[in-house]
Amino acid sequence: MADGTRGKGDRNEPPDDEAALSARLQRLGKRLAQANRPSENGSGPRQTADPSAIARGFRLSTELVAGVLVGAAIGWLLDRWLGISPWGLIVFLLLGFAAGVLNVMRGAGIVRERHLDE
Amino acid sequence: MAVDPIHQFQIQNLFPVAKIGNTEIVFTNSAAFMFAAVLGITVFLVGATSGRGLVPSRLQSAAEIAYEFVATTVRSTAGNEGMKFFPFVFTIFMFVLALNVIGLIPYSFTVTSHIIVTAALALTVFFTVLIYGLIRHGLHFFNLFVPKGVPIYILPLIVAIEILSFVSRPVSHSVRLFANMLAGHITLQVFASFIILLGTSLGVVGWIGGALPFLMVVLLFALETLVAFLQAYVFAILTCIYLNDAIHPGH
């Protein structure tokens, strides 16, 4: 976190007068703008796909649940077929949770979609 | 007065069609409403395009807006190459939209509130992606599950997660539409039944108090109208995103 170290540097400066304070405010403003920009960039390519924010919200609502459910189902079936209870359920529930989180992050545009990997 | 918010989702057998083995194939109210949706879409599109005026009529502009809307969605999500799937996406969008909107009419039946219908649609999309991807890219299609630049020692874990993520798609695709329609219609019915319950149990005071749940029903109905459109849109856009994987997997 580069911002964290810079934050410490700011804190060490004595807040002597109004000028210093306004300069710090300006720096803070710049850093806030910088901090906000990556998230905008991240959602940039997705914006063309999801013009409506509500649509994206609806999309995310079930992604996590679906991942966990599929993981649990696969684990349970493997347990029944191979008789390795409860290891299939444990392993695939965790994998399913990971897949669900991945789905949500893809849907939110935090992680790039698969096809963009070059 | 008994209130059963689930009653509206009951499948009723209308008349038997055929019998295969021990399974009887029956024409149900669900099938009837699906036919109604297809008929409605066909009448709308045929009627809209029969004039083909340079200055579009009202119906024609509605059809043009629907076309433009879906075409923009497909192009922006799956690229120009995705347009070969335009008929598929447009069919799905119009079908789901028509079913959702017909379901909003009081006393009608909401086909999309049955998971078997939405699951069938989602699985159709899923297998279209899988089969088209395999035909077009061969085994190279499975590179979809192998992200580039991942250290070899965590690759098996990542591949397992990617495969699970891929398999969970039809589940989230179908459950989203089904759950939203089901929950919305149950909420509407419950709030509407409050009016009757208040009125029949408290008399005049109850009927006046019933204005509050009535206001809720009006607001919820507006929300449900929005949801009906949005869910059809979300279903279509996810179809495009998934088809995009079949067209451009991993490179």
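Guide: What follows is a conversation about the terms used for this model and the values behind them.

Guide: This is a predicted model, in which local features need pLDDT of at least 70 and side-chain atom pairs count only at pLDDT 80 or more, while totals for chains, interfaces and linings use all residues. Residues are numbered from 1 along each chain as its sequence is written, and chains are lettered from A and ligands numbered from 1 in the order in which they are written.

Visitor: What makes Y107(B) exposed or buried?

Guide: A residue is buried if 20 or more other C-beta atoms lie within 10 Å of its own, exposed if 12 or fewer, and partly exposed in between, with C-beta atoms placed from the backbone. Y107(B) has 5 other C-beta atoms within 10 Å, and therefore Y107(B) is called exposed. Y107(B) sits in the loop between α3 (86–104) and α4 (115–137) of chain B, where helices (H or I, at least four residues) and strands (E, at least two) are DSSP runs, numbered from the N terminus. Y107(B) also has a positive phi of about 70°, although it is not a glycine.

Visitor: How do you know whether strand β2 (residues 23–28) of chain B lies in the open?

Guide: Of the six residues of β2(B), the number buried is zero, so β2(B) lies largely in the open.

Visitor: What makes β1(B) and β2(B) a pair?

Guide: Two strands pair if DSSP finds at least two bridges between them, and β1(B) and β2(B) are joined in the antiparallel sense over six bridges. One of the bridge partners is F27(B) in β2(B), which faces F15(B). The two strands form a hairpin with two residues between them, and G21(B) in the turn has a positive phi of about 60°.

Visitor: How do you know which residues of chain A and chain B are in contact?

Guide: Two residues are in contact if their C-beta atoms, placed from the backbone, lie within 7 Å. By that rule, 27 residues of chain A are in contact with 30 residues of chain B. The largest share of chain A's side, 12 residues, comes from α3(A).

Visitor: Why is a group of residues called a nonpolar core?

Guide: The name is used because the set consists of buried Ala, Val, Leu, Ile, Met, Phe, Trp, Tyr and Cys residues joined through C-beta atoms within 7 Å. The largest such core has 54 residues, of which V89(B), F93(B), V96(B) and A236(B) touch the most other members. The element α7(B) gives the most to this core, with 14 residues.
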